Amino acid sequence: MPEADSIKTHYRTCHLCEAMCGLEIRTRGDKVLSIKGDEQDVYSKGHICSKGAALQDIHTDRDRLKYPIQKAPPAQQQQSEWCWHSATSWLLSVSNIRR
Ligand code: SF4
């Protein structure tokens, strides 16, 4: 069976709120087949709310940010993609964060 056709199970943590519920996510290739609570998670014990169960909608949302965006001054109404290195270098240059 080709790798893309095999079903994989991934154990992750939901990042949508401070409860950080454990997730069991089944995938085939790039497609999410199911998202449910991880019953082995010591805190959430298999519980997830409707937001956690709908994480696939966020993952596939065409408006989801996938890279840093550099905003131009409002009059120009432009945005441009930024690479992570440039974005973090800029952030370090304008903040008191130290490496
Ligand atoms: S599944 Fe719901 S309750 Fe759990 S971390 Fe995600 S958003 Fe919070």
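Look at the ligand to begin with: around it sit Cys14, Leu16, Cys17, Ala19, Met20, Cys21, Ile48, Cys49, Lys51 and Gly52. A residue belongs to this shell if its C-beta atom, placed from the backbone, lies within 6 Å of the molecule. By type, the shell splits into eight nonpolar residues, one polar and one charged. Here Ala, Val, Leu, Ile, Met, Phe, Trp, Tyr, Cys and Pro count as nonpolar, Asp, Glu, Lys and Arg as charged, and the others, Gly among them, as polar.

A word on what you're looking at. This is a predicted model, where local features need pLDDT of at least 70 and side-chain atom pairs count only at pLDDT 80 or more, while totals for chains, interfaces and linings use all residues. Residues are numbered from 1 along each chain as its sequence is written.

Now step back to the whole protein chain, which has three helices and five strands. Starting at the N terminus, the order is β-β-β-α-α-β-β-α. The radius of gyration of the protein chain is 19 Å, well over the 13 Å that the globule rule gives for 99 residues, so the chain is more spread out than a compact globule. That radius is taken over C-alpha atoms, and the rule is 2.2 Å times the number of residues to the power 0.38. Along the principal axes, the C-alpha atoms fill a box of roughly 50 × 35 × 25 Å.

Next, follow the strands. β1 (residues 7-13) and β2 (residues 22-28) run antiparallel, joined by seven bridges; strands pair if DSSP finds at least two bridges between them. Within this pairing, threonine 9 has arginine 26 of β2 as its bridge partner. β2 also pairs with β3 (residues 31-37), again antiparallel, over six bridges. There, arginine 28 stands opposite lysine 31 in β3. Two residues lie between the strands of this β2 and β3 hairpin, and glycine 29 takes a positive phi near 60°.

Last stop: the loop between β4 (69-71) and β5 (79-81), where you'll find alanine 75. Alanine 75 is exposed, with 6 other C-beta atoms within 10 Å. From alanine 75 to threonine 88 it's 13 residues in sequence and 25 Å in space, C-alpha to C-alpha.

Notes: Helices (H or I, at least four residues) and strands (E, at least two) are DSSP runs, numbered from the N terminus. A residue is buried if 20 or more other C-beta atoms lie within 10 Å of its own, exposed if 12 or fewer, and partly exposed in between; C-beta atoms are placed from the backbone.
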